[in-house]
Every structure is written in C-alpha cells, then in structure tokens.
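Welcome! Please take a moment with the sequence and the model, and then let us walk through them together.

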Amino acid sequence: MRKLLIAVLAAMPLAVLAATPKTVTLAVQNMTCELCPITVKKSLEKVPGVNTVKVDFDKKTATVSYDADKTQPEALTRATTNAGYPSAVQK
Ligand SMILES: [Cu+2]
C-alpha cells in the first residue's frame, strides 16, 4: 500500500511534464461593449484544459493557452460560439 502511494506521488511530476502547452489566437465576433470580453473569457476558462485566457477588445481576439492533451481549438471556438460569440482560429 505504501509503495503504491510512493509510486503514485513519483509519477505526478511526470504527468505535469507530459502536458503539451499550446497557445492559439481566436478571432471573436459580436464583442460590442466592454462587458463582452468578460463573457468570452469566462466561457473559455470553463473549458477543461484551458490555462490562461487574454481577451483583446480592440483587436477582437482571444489568446488562449491550453493543454493540447486535454482540449483542442475546436472546443474553444465551440465554447465562445455557445456563449454567443462565434470565433475562429486566427491564422
Ligand atoms: Cu457586451
């Protein structure tokens, strides 16, 4: 039992290292007032695997860093779209 616990604890830092951090910039539609970026930010932060969200109201973009092992850009665009702000990955 004790050995198992130690093995689990030892494996944890490896799991952290195994995360694949990525950053994507989304072009977000419908952001018309200063409150919109907050809604967009919240919708993205709810997606499991999202680390940080930075919404630029002037540029109409959301820059999201996420764990590529847990989520994909499609899930991010879906989240903002469901919140009323259709988005697409900016190329
Ligand atoms: Cu608004």
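Helix 2 (residues 36-45) has Cys 36, Pro 37, Val 40, Ser 43 and Leu 44 as buried residues, where buried means under 20% relative accessible area, exposed means over 50%, and partly exposed covers what is in between (1.4 Å probe, protein chains only). Looking down the axis of helix 2, you find these buried residues within an arc of 125°, so they line one face of the helix. That arc is taken from the directions that lead from the helix axis to the C-beta atoms. The buried residues of helix 2 pack against strand 1, strand 2 (50-56), strand 3 (61-67) and helix 3 (73-82). Contact here means heavy atoms within 4.5 Å. Helices (H or I, at least four residues) and strands (E, at least two) are DSSP runs, numbered from the N terminus.

A word on the ground rules: this is a predicted model, in which local features need pLDDT of at least 70 and side-chain atom pairs count only at pLDDT 80 or more, while totals for chains, interfaces and linings use all residues. Residues are numbered from 1 along each chain as its sequence is written, and side-chain values use heavy atoms, with hydrogens and water left out.

**The chain as a whole**

The chain holds three helices and four strands. Read from the N terminus, the order of its elements is α-β-α-β-β-α-β. Of the 91 residues in the chain, 31% are buried. Take the contacts in the chain between residues at least 6 apart in sequence: 60% of them join residues at least 24 apart. The chain exposes about 6300 Å², and carbon and sulfur atoms supply 61% of this area. Such areas come from the Shrake-Rupley method with a 1.4 Å probe, and for residues only the protein chains shown count as cover.

**The copper site**

Which protein donors does the copper ion have? They are Cys 33 (SG) and Cys 36 (SG), lying 2.1 to 2.2 Å from the ion. Donors are N, O and S atoms within 2.8 Å of the metal (3.2 Å for Na, K and Ca); water is not among the atoms, so sites may look incomplete. Cys 33 is partly exposed, at 31% relative accessible area, whereas Cys 36, at 6%, is buried. Cys 36 also belongs to the buried residues of helix 2.

In helix 3, the buried residues are Pro 73, Ala 75, Leu 76, Thr 77, Ala 79 and Thr 80. Their cover includes strand 1, helix 2, strand 2, strand 3 and strand 4 (87-89). Just after helix 3, Gly 84 takes a positive phi of about 105°.

**Loops with a positive phi**

Most residues other than glycine have a negative phi. Asn 30 is not a glycine, yet has a positive phi of about 75°. You can find Asn 30 in the loop between strand 1 and helix 2, where this residue is partly exposed at 45% relative accessibility. Lys 60 is not a glycine either, and its phi is positive at about 60°. The loop between strand 2 and strand 3 holds Lys 60, which is partly exposed at 31% relative accessibility.

Lys 60 also lies over the face of Phe 57, at 4.0 Å from the ring centre. A charge sits over a ring if NZ of Lys or CZ of Arg is within 6 Å of the ring centre and within 35 degrees of the ring normal.

**Apart in sequence, and in space**

Thr 25 sits in strand 1 (residues 21-28) and is partly exposed, with a relative accessible area of 23%. Leaving out residues up to four places away in sequence, Thr 25 touches Thr 61, Ala 62, Thr 63, Ala 88, Val 89 and Gln 90. Ile 38 lies in helix 2 and is partly exposed at 43% relative accessibility. Lys 91 is in the segment after strand 4 and is exposed, with a relative accessible area of 95%. Here is how each of these residues pairs with another one:

| Pair | Apart in sequence | C-alpha to C-alpha |
|---|---|---|
| Thr 25 and Ser 87 | 62 residues | 9.8 Å |
| Ile 38 and Lys 54 | 16 residues | 9.8 Å |
| Lys 91 and Val 24 | 67 residues | 9.3 Å |
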